[in-house]
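Student: I would like to learn how to read a model of this kind, feature by feature. Could we begin with the overall picture and then move to particular places?

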Amino acid sequence: MGLQQFERRLERLVEGAFAKAFRGQLQPIELGRRLTREMDLRRAIGIHGFIVPNEFSVFLAPEDFQRFKDFGDSMERELIAAVREHAGREGYQFVGPVKLELHVDPELSASTFAIESELVEGEDRPSDWLVFPDGRRVGIGSEVVTIGRLPECAVVLDDPNVSRRHAQVRREGDAVFVVDLGSTNGTRVNGVPVREHRLAPGDVISVGTTALRFEPS
């Protein structure tokens, strides 16, 4: 599902002047597939399940690199979204922020590429979690966790009932709050609509058709 969503977003991205950019050339979806495969191969057992690389370097031939860079940061954001969606679907955890950079390698021939990945811990490890009904977890550290349909959100939900940027979960000192971002259908905690709410252990945040349980360490 994650790569299918990735392909659909790329169809909207690759249009107009760029419609012919990838015809007969290296396709972005090939990178998406290899990135998810890299995560599967390099997963390791962590405290709450599998942990996977969170920093990726993609090396491209000069001509392919130029085509990809013509899209600016959009292409990197879409590839990061594919990584996050695969992690969410498989229940993988990251030890730090997900980062991806494209690099040029003059020694590579057209349509070939290489990927290097690392597990790089963030400055703070998550101390609290948002838990999906199927057991998947999203860590809450010092960074704001945004929930919505946009690929750059930390929690990406493919749900028409969810706004592009629907809600945020953020830490303030020792407390954790959920804040609705003016969403169309609202955010609920334990079934009650909220604009801003301090979370207690076991609270259930409902966003569209998805329920996330707040679980402190």
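Tutor: Let us begin with contacts, where contact means heavy atoms within 4.5 Å: in the protein, residues 24 or more positions apart account for 59% of the contacts with a separation of 6 or more. This is a predicted model, in which local features need pLDDT of at least 70 and side-chain atom pairs count only at pLDDT 80 or more, while totals for chains, interfaces and linings use all residues. Residues are numbered from 1 along each chain as its sequence is written, and side-chain values use heavy atoms, with hydrogens and water left out.

Student: How many helices and strands does the protein have, and what percentage of its residues count as buried?

Tutor: Helices (H or I, at least four residues) and strands (E, at least two) are DSSP runs numbered from the N terminus, and by that reading the secondary structure comes to 4 helices and 16 strands. Buried means under 20% relative accessible area, exposed over 50%, and partly exposed in between, with a 1.4 Å probe and protein chains only; of the 217 residues, 45% count as buried.

Student: In what order do the strands of the open sheet run?

Tutor: Strands of a sheet pair through backbone hydrogen bonds, either parallel or antiparallel. Two strands are taken to pair if DSSP finds at least two bridges between them. Here 5 strands form an open sheet in the order S9-S8-S10-S11-S14, with mixed pairing. Its edge strands are S9 (155-156) and S14 (196-198), each of which pairs on one side only.

Student: Which residues are bridge partners along S8, S10 and S11?

Tutor: S8 (residues 145-148) and S10 (residues 167-172) run antiparallel and are joined by 3 bridges, with Gln168 of S10 as the bridge partner of Thr146. Gln168 also has a bridge partner in S11, namely Val179, and S10 and S11 pair in the antiparallel sense over 6 bridges. These two strands form a hairpin with 2 residues between them, in which Gly173 takes a positive phi near 65°. On to the next pair, S11 and S14 are antiparallel over 3 bridges, and Phe177 stands opposite Arg198 in S14.

Student: Are the faces of S11 covered or uncovered?

Tutor: Strand S11 (residues 175-180) is mostly covered, with 6 of its 6 residues buried. Ala175, Phe177 and Val179 are buried on one side, and Val176, Val178 and Asp180 are buried on the other, so that both faces are covered.

Student: What span does helix H4 reach, and what is expected?

Tutor: The expected span of a helix is 1.5 Å times one less than its number of residues. H4 (residues 73-90) has 18 residues and reaches 26 Å from its first C-alpha to its last, close to the 26 Å expected. Its buried residues include Leu79, Ile80, Ala81, Ala82 and Val83, and just after the helix Gly91 takes a positive phi of about 75°.

Student: Which residues other than glycine have a positive phi?

Tutor: Most residues other than glycine have a negative phi. Ser111, although not a glycine, has a positive phi of about 70°; Ser111 is found in the loop between S4 and S5 and counts as partly exposed because its relative accessibility is 34%. Asn190 likewise has a positive phi, of about 55°, and is found in the loop between S12 (187-189) and S13 (192-194), where its 48% relative accessibility makes it partly exposed.

Student: Which side chain of opposite charge is nearest to Asp203?

Tutor: Lys and Arg count as positive and Asp and Glu as negative, while His and the chain ends are not counted; a salt bridge is a side-chain nitrogen of Lys or Arg within 4 Å of a carboxyl oxygen of Asp or Glu. Asp203, in the loop between S14 and S15 (204-207), is buried yet has no salt bridge, the nearest side chain of opposite charge being Arg198 at 8.9 Å. The side chain of Asp203 does reach the backbone nitrogen of Ala200 at 2.8 Å.

Student: Where does Leu108 lie, and which residue is 47 residues apart from Leu108 in sequence?

Tutor: Leu108 is in the loop between S4 (99-104) and S5 (113-118), and the residue in question is Ala61, with a C-alpha to C-alpha distance of 4.8 Å in space. Setting aside neighbours within four places in sequence, Leu108 is in contact with Phe59, Leu60, Ala61, Pro62, Phe113 and Ala114.

Terms used. Polar contact = N/O pair within 3.5 Å; in protein donor to acceptor, adjacent residues only side chain to side chain.
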